[in-house]
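Hi everyone, thanks for making time today. I'd like to walk you through one model, so please have a look at it with me.

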Amino acid sequence: MADQGLIDALPYTDAGDDDLAARTAALALIEEEKVCSLKRPVDYLEPYPALNPPVTFENSAFTKNELERIAAQKQLKDMDTSRYEAPAPSASATGKPEAWEQSLSNAQAQLLHLQNRGDNLELLQQYGPQVWRTHTAQLEQMEQALDLQLKQLSEQEQALNWQRKQEQVEAGQELLQLETKWGSLISKNFEVEMACMALQAEIGALEGASAPAS
């Protein structure tokens, strides 16, 4: 389309927003433009960069599977707590030394696990608050940076809207002047046409009066 970049609407100056007929006509023009457009609605924003990049979990099979489970509304499996238990051998295996050795090995593993948990809790108590404060400070810096970016974008948006409004108001005033001038010229042309018709009638009357009687 040769005039694809032509914008023939001035929403800041156009009147008739409350006119149902005008609104219906505008919607009809929009639908007609959509039919004639070579772009699909999903392609309208293709030339512009995405505000937020798409989130993918190609490197995290666990997260991907979990999101698929949530989307399918499947019940979450209960946590397997058997590895945290240290049961004695079953009644039928109490006389087997290997069963007791397996239970003893499991109990030792559980004890080592509890010792590791205790060590981790001590490290967390000693270094955790400072690490958390550092992390909180980093989050605050990120928040401030995002707030500044949002403020700059809002200012740019407002400046763009003001510029668009000013341009449209100026164009609307020029269009109003041209429309007024056009109406004045039409009126003058009509007056000239009426004067010409009157002169032609007068000339005809004079020619008829001056013609010799037969």
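Some ground rules. This is a predicted model, where local features need pLDDT of at least 70, side-chain atom pairs count only at pLDDT 80 or more, and totals for chains, interfaces and linings use all residues. Residues are numbered from 1 along each chain as its sequence is written, and side-chain values use heavy atoms, leaving out hydrogens and water.

Let's start with helix H3, residues 97–210. Helices here are DSSP runs of H or I with at least four residues, numbered from the N terminus. At Tyr127, shortly before Pro129, H3 has a kink of about 55°; that bend is the angle between axes fitted to the seven residues ending there and the seven starting there. Among the buried residues of H3 are Gln110, Gly128 and Gln168, where buried means under 20% relative accessible area, exposed over 50% and partly exposed in between, with a 1.4 Å probe and protein chains only. Gly172, also in H3, is buried at 18%. Leaving aside neighbours within four places in sequence, Gly172 is in contact with Leu10 and Thr13, contact being heavy atoms within 4.5 Å. Its C-alpha atom is 8.7 Å from that of Tyr12, 160 residues away along the chain.

Now, how many salt bridges does the structure hold? Two, counting a side-chain nitrogen of Lys or Arg within 4 Å of a carboxyl oxygen of Asp or Glu. One joins Lys34 to Glu31, with the closest N and O atoms 3.7 Å apart. These residues are about one helical turn from each other, because they sit three residues apart in helix H1. In the other, Glu66 meets Arg69 at 2.5 Å, N to O, and both lie in helix H2, again three residues apart. As a reminder, an α-helix has 3.6 residues a turn, so residues three or four places apart point the same way.

What about disulfides? The count is zero, taking a pair of cysteine sulfur atoms within 2.5 Å as the rule. Cys36 is partly exposed at 42%, and Cys196 is partly exposed at 38%.

Finally, the loops. Between H2 and H3 we find Gln73, which has a positive phi of about 60° although it is not a glycine. Gln73 is exposed, at 73%. Tyr44 lies in the loop between H1 and H2 and is partly exposed at 34%.

Terms used: Helix = DSSP H or I, 4+ residues; strand = E, 2+ residues; numbered from the N terminus.
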